[in-house]
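Below are some exercises to work through on one chain, each with its solution.

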Amino acid sequence: VPGLESPEVDQIKQMNENVHDRVLIQAVVARSGPLVGKTVRGVGFRTKYGAAVIAVHRNGKRIQDYPGNIKLHSGDVLLLEAGSTFIAKNTDNQRHFALISEVKGKLFNFGMISF
């Protein structure tokens, strides 16, 4: 998106995916999965899932903190930048994510970040 730069740009650059193959993903943290109670940094999200967390939404509001510092709760909606294979690799991973979907077009609004 022209003019939009992620605060996670350094983390995104370290992903092993071609920039043209990356997509925006919404992922909902599963109710009692291994992500609950851990910070994004503590999980090692980029290494473990091949995705960078751009923002976190909780109870209808964006959490205004550096994504790496956010302690995840069940039901949190994560906005991710990931490789095009992220969904295929994690569809069966229901312990971690209750729902995963690709963000298409410019109809998505995630707090202060609009697409």
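The exercises go from the whole chain to the sheet and then to the charged pairs.

Before starting: this is a predicted model, where local features need pLDDT of at least 70, side-chain atom pairs count only at pLDDT 80 or more, and totals for chains, interfaces and linings use all residues. Residues are numbered from 1 along each chain as its sequence is written, and side-chain values use heavy atoms, with hydrogens and water left out.

**Exercise 1.** List the secondary structure elements from the N terminus on.

*Solution.* Start with the definitions: helices (H or I, at least four residues) and strands (E, at least two) are DSSP runs, numbered from the N terminus. The protein chain has four helices and seven strands. Written out in order, that's α-β-α-α-β-β-β-α-β-β-β.

**Exercise 2.** Work out the strand order of the open sheet and find its edges.

*Solution.* Two strands pair if DSSP finds at least two bridges between them. Five strands make up the open sheet, in the order β3-β2-β4-β1-β5, with antiparallel pairing. The edges are β3 and β5 (97-102), each pairing on one side only. Now zoom in on β2 and β3: they pair in the antiparallel sense over two bridges, and R58 has K61 in β3 as its bridge partner.

**Exercise 3.** Find the salt bridges and say where each partner sits: buried or exposed?

*Solution.* For burial, count under 20% relative accessible area as buried, over 50% as exposed and in between as partly exposed (1.4 Å probe, protein chains only).

- Step one: E81 and R22 meet at 3.7 Å, N to O. This pair links distant parts of the chain, with E81 in strand β4 (residues 77-83) and R22 in strand β1 (residues 22-29), 59 residues apart. Both E81 and R22 are buried.
- Step two: D76 bridges to R58, the closest N and O atoms being 2.8 Å apart. D76 lies in the loop between β3 (61-62) and β4, while R58 is in strand β2 (residues 51-58), 18 residues away. D76 counts as buried because its relative accessible area is 0%.
- Step three: E102 and K104 meet at 3.7 Å, N to O. E102 has a relative accessible area of 33%, so it is partly exposed; K104 reaches 57%, so it is exposed.

**Exercise 4.** What share of the residues is buried?

*Solution.* Buried residues make up 41% of the 115 residues in the protein chain.

How values were computed:
A salt bridge is a side-chain nitrogen of Lys or Arg within 4 Å of a carboxyl oxygen of Asp or Glu.
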